[in-house]
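Dear colleague,

I am handing over the structure below for your attention. After it you will find a summary of what was found.

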Amino acid sequence: MGIVLTDDEARLSQAVAWYWRALDQPTSRLEGFHALVSRILADNGLPDARVHAGQGLALPGFFLPSRPWDIVVMHDGRLVAALAIRARTAQSLENGFVALGEEALCTGKEMDALCRRQAFGPGLRPWFGWLVLLEEGSALTRPAAVAPTLLQVVPEYRHSTHAEWYGLLLRKLERERLFDACALLLCPEDRQQSGTYREPTRDLGGMRFLAHLASHAGAFAACL
């Protein structure tokens with residue numbers, strides 16, 4: 001059975017616009033993504049799944065008591081999926097990179113440790129996704145400053161832009177299997193109205209991210 005993505009590119013644009021418009025409102029900013037995820041699950045075999053979204057949403061941790069998430073999907077008491085959505089404006093690109101990276105690494109390690117111990121139950125492993133929205137601007141394409149270190153910095157981080165740093169981080173999170181899918185969307189200054197975005201690379205694209213979630217939903221439904 002193939003995946004179903006019905007008008008999800010347009011729905012993703014709407015979710016992005018809604019998120020930026022309500023950036024300072026932790027609960028309502030997720031309404032667009034809540035609707036998008038609910039539709040994907042319903043179209044791919046999980047119409048009865050419960051999609052939770054909002055501030056204060058968390059899952060148990062392993063090294064720490066709990067880890068925050070933006071969207072959590074449950075079905076009959078089982079964890080299906082969890083998504084984190086993070087945004088950085090032009091003013092917070094540089095300082096926000098390290099904080100975002102540390103949060104993602106910690107969260108990914110926590111979930112991996114729990115899954116290896118079957119803390120979420122036997123059978124299909126839950127799906128974990130990390131989506132990043134960046135504001136377009138000159139700061140995004142400037143070479144990122146590398147702080148002095150005692151030993152040589154990993155080569156790919158030298159002479160790279162801020163946008164490339166975020167892309168490198170997300171790819172490594174996937175390749176190390178800390179997340180099932182990551183996405184990086186670059187949004188223009190009028191993002192609050194249009195919801196338009198640019199995908200710097202297809203391997204971190206929005207539709208690939210959603211297709212990965214839809215595939216997992218179908219696989220989970222097949223196991224019921």
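Helix H2 makes the largest contribution to the lining of the largest cavity, namely three residues. Please bear in mind throughout that this is a predicted model.

The enclosed cavity

One cavity of 30 Å³ or more was counted. The space inside the largest cavity comes to about 30 Å³. Its lining is formed by Phe 33, Leu 36, Val 37, Leu 83, Ile 85, Leu 131, Phe 209 and Leu 210. At least two of the lining residues come from each of H2, E5 and H7. By class, the lining of this cavity has eight nonpolar residues, with no polar and no charged ones.

The packing of H1 and H2

Helix H2, which spans residues 31-43, also packs with helix H1, which spans residues 8-21. The angle between H1 and H2 is about 155°, and their axes are 7 Å apart. Angles over 145 degrees count as roughly antiparallel, and H1 is therefore roughly antiparallel to H2.

Which residues meet where the two helices are in contact? From H1 they are Asp 8, Arg 11, Leu 12, Ala 15, Val 16, Trp 18 and Tyr 19. From H2 they are Glu 31, Gly 32, Phe 33, Leu 36, Arg 39 and Ile 40. The contact of H1 with H2 is made up of eight nonpolar, one polar and four charged residues. Two of the H2 residues in this contact, Phe 33 and Leu 36, are also among those that line the largest cavity.

The largest pocket holds about 300 Å³ of space. It is lined by 15 residues, and those nearest its centre are Phe 97, Gly 101, Leu 105, Tyr 157 and Leu 169. Helix H3 (93-116) and helix H5 (162-175) each provide at least two residues of this lining. The largest share, five residues, is that of H3. Sorted by class, the lining of the largest pocket has 11 nonpolar, one polar and three charged residues.

The second largest pocket has a volume of about 250 Å³. A total of 19 residues line this second pocket, with Tyr 19, Arg 29, Asp 70, Ile 85 and Arg 86 closest to its centre. H1 and strand E5 (78-88) each supply at least two of its lining residues. Strand E5 gives the most, with four residues. The lining of the second largest pocket comprises 10 nonpolar, five polar and four charged residues.

Individual residues

Val 51 is located in strand E1, residues 50-53. Is this residue buried or exposed? Its relative accessibility is 15%, so Val 51 counts as buried. Apart from neighbours within four places in sequence, Val 51 contacts His 34, Val 37, Ser 38, Leu 41, Ile 71, Val 72 and Val 73. With Ser 38, the separation is 13 residues in sequence and 6.5 Å in space, from C-alpha to C-alpha.

Thr 196 is in the loop between helix H6 (191-194) and helix H7 (206-222). With a relative accessible area of 39%, Thr 196 is partly exposed. Along the chain, Thr 196 and Ala 147 are 49 residues apart, and their C-alpha atoms are separated by 33 Å.

Two further residues concern the backbone. Most residues other than glycine have a negative phi. Gln 118 is not a glycine, yet its phi is positive, at about 55°. This residue is found in the loop between H3 and strand E6 (127-135). Gln 118 is exposed, with a relative accessible area of 51%. Arg 177 also has a positive phi, near 60°, and it too is a residue other than glycine. Arg 177 lies in the loop between H5 and strand E7 (181-187). Its relative accessible area is 64%, and Arg 177 is exposed.

With kind regards

Note on methods
Residues are numbered from 1 along each chain as its sequence is written. This is a predicted model: local features need pLDDT of at least 70, side-chain atom pairs count only at pLDDT 80 or more; totals for chains, interfaces and linings use all residues. Side-chain values use heavy atoms; hydrogens and water are left out. Axes are lines fitted to C-alpha atoms, for helices over the stretch in contact, and angles run from 0 to 180 degrees between N-to-C directions. Angles under 35 degrees count as roughly parallel, over 145 as roughly antiparallel, 65 to 115 as roughly perpendicular and the rest as oblique. Contact means heavy atoms within 4.5 Å. Ala, Val, Leu, Ile, Met, Phe, Trp, Tyr, Cys and Pro count as nonpolar, Asp, Glu, Lys and Arg as charged, and the others, Gly among them, as polar. On a 1 Å grid over the protein atoms alone, a cavity is a set of points where a 1.4 Å probe fits but cannot get out, and a pocket is an open set with protein on both sides within 12 Å along at least five of seven lines; lining residues have an atom within 4 Å of a point. Grid points are joined across faces, edges and corners, and a volume is the space filled by probe spheres set on the points. Buried means under 20% relative accessible area, exposed over 50%, partly exposed in between (1.4 Å probe, protein chains only).
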